[in-house]
Amino acid sequence: MSTAESPGRPAPAWAADRAPAGPGPRIGRIALLAFAVAAAVDLGSLLAGWHLGHVIAKPLLMPLLVTHMATRGAPRLLLAALLFGWGGDLALLFDAEPAFLVGMGSFAVGHVCYLVLFGKRPANALLGGAYALALLGTVALLWSDLPPDLRIPVAGYSLLLTAMAFRSSTLGLRAGIGGGLFLLSDTLIATGVAAWPQLPRPDFWIMATYLAAQYLLATGTTSREAGVR
């Protein structure tokens, strides 16, 4: 499938606004390798309980992924979504409710960027119904266990996140899995805020699903632009 324009058929909106090609493929490959190394250090630090390693590695992750995607001519909205994710990452390094709200707000803006990037392509109605049921069920179950002042913000954020996860499926399987993993990652955070029983090393699972989500969303979006499903 090609995104080239055919007579009477305009190019998709997401193909029209692209960032400059960037500093070149070599820097892009180096950035991707550095992203993989930083991800390994971050996840290994979480497994080992080495907080300093997490504090050092986590802030490097999204800038490295942005650098890699910029060299592939990724759309500006994708780069913005990743950078707002970086803002959320930095905020969540601080264990305080105001930082949590700032981080959630930054991620929310990133989800809006993703939603605009995904456009208005038709989506699977059955999948939409499944996501709607998951949203309603999760919010209902968490509601009474969340701190009262976080209930409305978490519910609103969950609605936006679920919409992003659902709409990501319109770009194909890779991006759709990325959206679903983002929803899973943030649901794990919400269960921690609600003081539900957690898996061993919960921060590891949160970061593992989050990093996979951002990578799959980013590469799924650009693969779609390249005509790969």
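This is a predicted model: local features need pLDDT of at least 70, side-chain atom pairs count only at pLDDT 80 or more; totals for chains, interfaces and linings use all residues.
## Helix H2 against helix H3

The crossing of H2 past H3 is left-handed.

The H2 side of the contact includes Ile-27, Gly-28, Ala-31, Leu-32, Ala-34, Phe-35, Ala-38 and Ala-39. Val-41, Asp-42, Ser-45 and Leu-46 of H2 also take part. From H3, the contacting residues include Gly-53, His-54, Ala-57, Lys-58, Leu-60, Leu-61 and Met-62. Leu-64, Leu-65, Thr-67, His-68 and Thr-71 of H3 belong to the contact too. By class, the residues of the contact of H2 with H3 are 15 nonpolar, seven polar and two charged.

## Helix H3 against helix H4

H3 also packs on helix H4, residues 76-91. The axes of H3 and H4 come within 8 Å and cross at roughly 175°. That angle makes H3 roughly antiparallel to H4.

H3 brings Lys-58, Pro-59, Met-62, Pro-63, Leu-65, Val-66, Met-69 and Ala-70 to the contact. H4 meets them with Leu-78, Leu-79, Leu-82, Leu-83, Gly-85, Trp-86, Asp-89 and Leu-90. The class count for the contact of H3 with H4 is 13 nonpolar, one polar and two charged.

## Helix H5 against helix H8

Helix H5 covers residues 97-118, and helix H8 covers residues 173-193. Their axes come within 14 Å and cross at roughly 160°. H5 and H8 are therefore roughly antiparallel to each other. Their crossing is left-handed.

From H5, Phe-100, Phe-107 and His-111 make the contact. They meet Phe-182, Asp-186, Ile-189 and Val-193 of H8. The residues of the contact of H5 with H8 comprise five nonpolar, one polar and one charged.

## The largest pocket

The largest pocket holds about 800 Å³ of space. It is lined by 31 residues. Closest to its centre are Leu-92, Asp-95, Ile-189, Asp-203 and Ile-206. Ile-189 is also one of the H8 residues that meet H5.

Which elements each supply at least two residues of the lining of the largest pocket? They are helix H2 (25-48), helix H3 (51-71), H5, H8 and helix H9 (202-225). The lining of the largest pocket divides into 17 nonpolar, seven polar and seven charged residues.

## The second largest pocket

The second largest pocket has a volume of about 280 Å³. Its lining is made by 22 residues. Tyr-157, Ser-158, Asp-186, Thr-187 and Ala-190 lie nearest its centre. H5, H6, H7 and H8 are the elements that give two or more residues to this lining.

The lining of the second largest pocket has 16 nonpolar, five polar and one charged residues. Asp-186, listed among those nearest the centre, is also an H8 residue in the contact with H5. H5 and H8 contribute to the lining of the largest pocket and to the lining of the second largest pocket.

## The cavity

How many cavities of 30 Å³ or more does a search of the whole structure find? The search finds one. The volume of the largest cavity is about 30 Å³. Val-139, Leu-142, Trp-143, Leu-146, Arg-151, Val-154, Ala-155 and Ser-158 line it.

Helix H6 (125-143) and helix H7 (151-168) are the elements that give two or more residues to the lining of the largest cavity. H7 provides the largest share, four residues. By class, the lining of the largest cavity has six nonpolar, one polar and one charged. Ser-158 lines the cavity and is also among the residues nearest the centre of the second largest pocket.

How values were computed:
Residues are numbered from 1 along each chain as its sequence is written. Side-chain values use heavy atoms; hydrogens and water are left out. On a 1 Å grid over the protein atoms alone, a cavity is a set of points where a 1.4 Å probe fits but cannot get out, and a pocket is an open set with protein on both sides within 12 Å along at least five of seven lines; lining residues have an atom within 4 Å of a point. Grid points are joined across faces, edges and corners, and a volume is the space filled by probe spheres set on the points. Ala, Val, Leu, Ile, Met, Phe, Trp, Tyr, Cys and Pro count as nonpolar, Asp, Glu, Lys and Arg as charged, and the others, Gly among them, as polar. Axes are lines fitted to C-alpha atoms, for helices over the stretch in contact, and angles run from 0 to 180 degrees between N-to-C directions. Angles under 35 degrees count as roughly parallel, over 145 as roughly antiparallel, 65 to 115 as roughly perpendicular and the rest as oblique. A crossing is left-handed if the near helix is turned anticlockwise from the far one by less than a right angle, and right-handed if clockwise. Contact means heavy atoms within 4.5 Å.
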